[in-house]
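Hi,

Here is the model I promised to hand over.

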Protein chains: 2
Amino acid sequence: MVQTVKTHEIDKVEGGNILSPLGFQSGGVHSGLRYRKKDFGLLMSDTPASVAAVYTQSHFQAPPLKVTQEGIEKSGKIQGVVINSAVANACTGKEGLENAYKMREMIAKRFGLPEEYIAVASTGVIGEQLPMEKIFYGCETVELSREGAHDFQKSILTTDTCEKSACYQTKIDGKTVTIGGAAKGSGMIHPNMATMLGFITTDATIETEALQTALSQSIEKSFNQITVDGETSTNDMVLTMANGSVEHDPLTENHPDWEKFQVALQLVCEDLAKQVARDGEGATKLIEVNVKGASTNEEARIIAKKVVGSSLVKTAMYGLDANWGRIVGAIGHSDATVDPNGCDIYIEDQLVFSDGTPCPFSEEQATEDMSNAEVKIDIRLHEGEGKGTAWGCDLTYDYVKINASYRT
Amino acid sequence: MVQTVKTHEIDKVEGGNILSPLGFQSGGVHSGLRYRKKDFGLLMSDTPASVAAVYTQSHFQAPPLKVTQEGIEKSGKIQGVVINSAVANACTGKEGLENAYKMREMIAKRFGLPEEYIAVASTGVIGEQLPMEKIFYGCETVELSREGAHDFQKSILTTDTCEKSACYQTKIDGKTVTIGGAAKGSGMIHPNMATMLGFITTDATIETEALQTALSQSIEKSFNQITVDGETSTNDMVLTMANGSVEHDPLTENHPDWEKFQVALQLVCEDLAKQVARDGEGATKLIEVNVKGASTNEEARIIAKKVVGSSLVKTAMYGLDANWGRIVGAIGHSDATVDPNGCDIYIEDQLVFSDGTPCPFSEEQATEDMSNAEVKIDIRLHEGEGKGTAWGCDLTYDYVKINASYRT
């Protein structure tokens with residue numbers, strides 16, 4: 001977090017969600033793509049909204065992402081996003097692309113909006129075409145309301161074990177603006193990898209370009225710093241809409257409250273990212289790795305992510321094993337500058353490794369600490385001022401079970 | 001493999017090992033570091049040998065590697081290598097470095113050799129000092145013989161389930177030269193990560209510099225292309241000795257038989273590397289990924305390694321699931337040029353994915369194919385002429401079990 005922003009300037013809104021900001025509605029229905037659960041969602045701003053988005057780095061970007069990207073580039077604004085779960089519409093070729101367009105067209109027509117104003121997202125099994133009659137049914141029956149946040153949040157889940165939402169508020173020009181978010185992730189749908197989707201709404205007044213800057217900065221320190229199993233999906237996307245329902249001087253990097261907004265957005269992203277990591281496949285706990293004293297912030301983030309992504313660290317955490325040797329191993333082969341003799345490692349409050357050699361510590365205390373739902377690993381280097389954090393989860397029998405079971 | 005070398009010019013020697021080349025002896029004893037098993041080994045050339053080595057990229061390089069590297073830089077030759085298992089002598093600070101020197105000194109004195117002529121290696125638990133009385137006992141009691149290959153091979157193992165050896169022959173200037181190798185790897189010693197060690201002997205005549213070139217080229221396509229869990233150890237090392245017992249024109253890159261030697265050395269490395277991957281922790285099978293048609297050989301190797309290292313591909317292989325979606329996912333987020341519409345994927349002989357979309361295939365046949373001890377995945381791109389291979393193993397409940405159990 002940027003240090004110049006005082007924490008009391010940003011408030012977490014307990015129980016807040018994507019509909020906490022003014023001027024948004026959403027809904028979710030069961031269209032028949034899944035057996036019983038909601039599988040079709042819609043999120044809409046009352047007015048056209050500035051938009052920012054980040055997409056998967058995968059070479060195999062799914063058709064809905066292409067359609068969304070194209071629409072945003074064309075109009076620079078959107079008003080809503082339509083999403084289905086169960087079928088990812090990825091690796092589906094020309095037919096898949098046409099189906100994503102059709103899905104967009106249906107919603108646009110129903111609400112009397114230009115097609116480019118509707119973003120499209122899908123998550124689920126890859127390599128299968130969307131059953132369009134079910135998609136049409138979803139497009140026709142989904143209803144918007146100011147109370148539809150949970151319906152929307154449920155409709156985007158795959159094998160997630162819980163809904164994920166977050167909300168923070170701050171003041172811009174003395175006026176309260178709200179940022180809300182919903183996410184899904186870390187559930188696996190055969191034969192897909194874990195898709196991560198995030199949707200963020202805000203009633204702040206900000207142009208598309210500035211919103212993109214704020215989102216990109218936030219993503220770098222949040223969604224890009226979580227890992228469940230090192231995989232990237234064809235369908236990953238985080239999309240933000242700002243509808244300007246709260247009037248204030250438009251936010252730009254020169255606005256005196258810019259940093260407050262950027263940090264509040266980052267907190268929403270971080271909150272959602274941690275919820276995704278905690279709900280990783282088969283996970284029993286959230287692991288947070290903090291690195292301080294690296295050459296640069298970027299190197300700190302690289303090291304943190306390497307440690308939290310190490311299969312050996314992950315299995316040790318599952319086994320309640322204060323196995324600093326594996327943390328050393330992961331730091332050791334990261335692509336960052338590390339002086340082995342200037343490296344301290346803490347597991348929770350205990351120093352377990354210092355200046356290149358192990359330290360005596362209480363294994364009993366460590367086991368107790370690691371039994372909690374959150375475990376912190378702190379790494380202190382002496383290379384510079386760089387710091388960074390990454391989040392992940394433990395590697396368990398259930399991860400293997402979930403992912404080794406034959407597709408049915 | 002380099003195509004200009006005809007396969008009949010290089011022969012695999014079944015049952016061959018590090019003592020198949022002329023002029024080498026070895027031995028292994030139980031020094032008390034492990035409970036019952038052999039834990040202390042010595043490999044010696046009859047005469048000073050040219051030497052080449054590659055070391056772990058970890059920032060936390062263990063003391064024995066430093067001592068070995070320093071000795072080689074000083075003398076350009078070595079005559080033997082001494083190794084202990086059970087304790088890695090890593091993260092042991094100044095005392096650890098002194099102990100590695102002492103271990104070298106003991107062997108050098110006993111055999112009347114300069115200290116720099118002895119390389120040192122250790123593998124096992126990290127962060128513990130070597131119990132030097134046991135090391136001294138090993139140094140005094142280990143005996144060399146022409147029949148000592150198995151004793152040496154056993155003494156370097158940790159939790160490996162089997163010895164690993166390989167041997168190939170080729171003709172240089174019409175004379176038969178032999179290359180033999182031993183390796184250990186993928187066993188886990190608490191709280192260490194899987195250390196990989198390889199020792200290669202040859203009776204060929206070749207200077208140190210040329211040997212290093214040949215080894216580096218071979219490593220790139222063999223040991224560097226295997227992955228069990230993406231981890232790198234503090235103690236990884238591959239060491240090659242060439243004692244010139246077979247007289248011929250010294251091998252250099254200009255020698256007409258250079259390529260035969262280089263490929264034979266690569267085959268030894270590849271053979272050992274595959275044995276290590278197959279014996280990966282908890283593994284039930286070897287997975288080989290071949291990539292053709294990439295922009296460059298390097299990109300092909302990057303893609304192959306990404307696929308074989310993917311937790312989702314590895315669990316799918318364990319679950320006998322012909323899950324091409326996960327292969328697509330892994331290719332998709334590799335740092336290489338990939339046109340998703342020009343990508344074909346084969347699981348054994350069946351085409352499962354072509355030109356960006358899935359193909360119909362027999363799931364039954366795929367399940368049968370994946371039940372074998374070796375599974376091949378072939379990936380064809382249309383970016384260029386680059387090709388590369390990587391090897392790994394499946395991810396199983398036993399991997400989690402082995403690595404999550406508390407240190408005892």
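**Notes on the model**

Leaving aside residues up to four places away in sequence, L351(A) touches D344(A), I345(A), Y346(A), C359(A), P360(A) and F361(A), where touching, or contact, means heavy atoms within 4.5 Å. Before I go on, the ground rules: this is a predicted model, so local features need pLDDT of at least 70 and side-chain atom pairs count only at pLDDT 80 or more, while totals for chains, interfaces and linings use all residues. Residues are numbered from 1 along each chain as its sequence is written, chains are lettered from A and ligands numbered from 1 in the order in which they are written, and side-chain values use heavy atoms, with hydrogens and water left out.

Back to L351(A): this residue sits in strand 13 (residues 350-354) of chain A. Helices (H or I, at least four residues) and strands (E, at least two) are DSSP runs, numbered from the N terminus. L351(A) is partly exposed, at 29% relative accessible area; buried is under 20%, exposed is over 50% and partly exposed is in between (1.4 Å probe, protein chains only).

Next, some strands of chain A. Strand 7 (residues 175-184) of chain A has eight of its ten residues buried, so it is largely enclosed by the rest of the structure. Strand 6 (residues 164-172) of chain A runs antiparallel to strand 7 of chain A, with nine bridges joining them; strands pair if DSSP finds at least two bridges between them. S165(A) is opposite A182(A) of strand 7 of chain A. The hairpin of these strands has two residues between the strands, and D173(A) has a positive phi near 50° there. Strand 7 of chain A is also joined, antiparallel and by six bridges, to strand 8 (residues 197-202) of chain A, where I200(A) is the bridge partner of G181(A).

Now the interface. In chain B, 59 residues are in contact with 59 residues of chain A. The two chains bury about 4,800 Å² between them, 61% of it on carbon and sulfur atoms; that is the accessible area (1.4 Å probe) that two parts lose on being put together, summed over both.

Cheers
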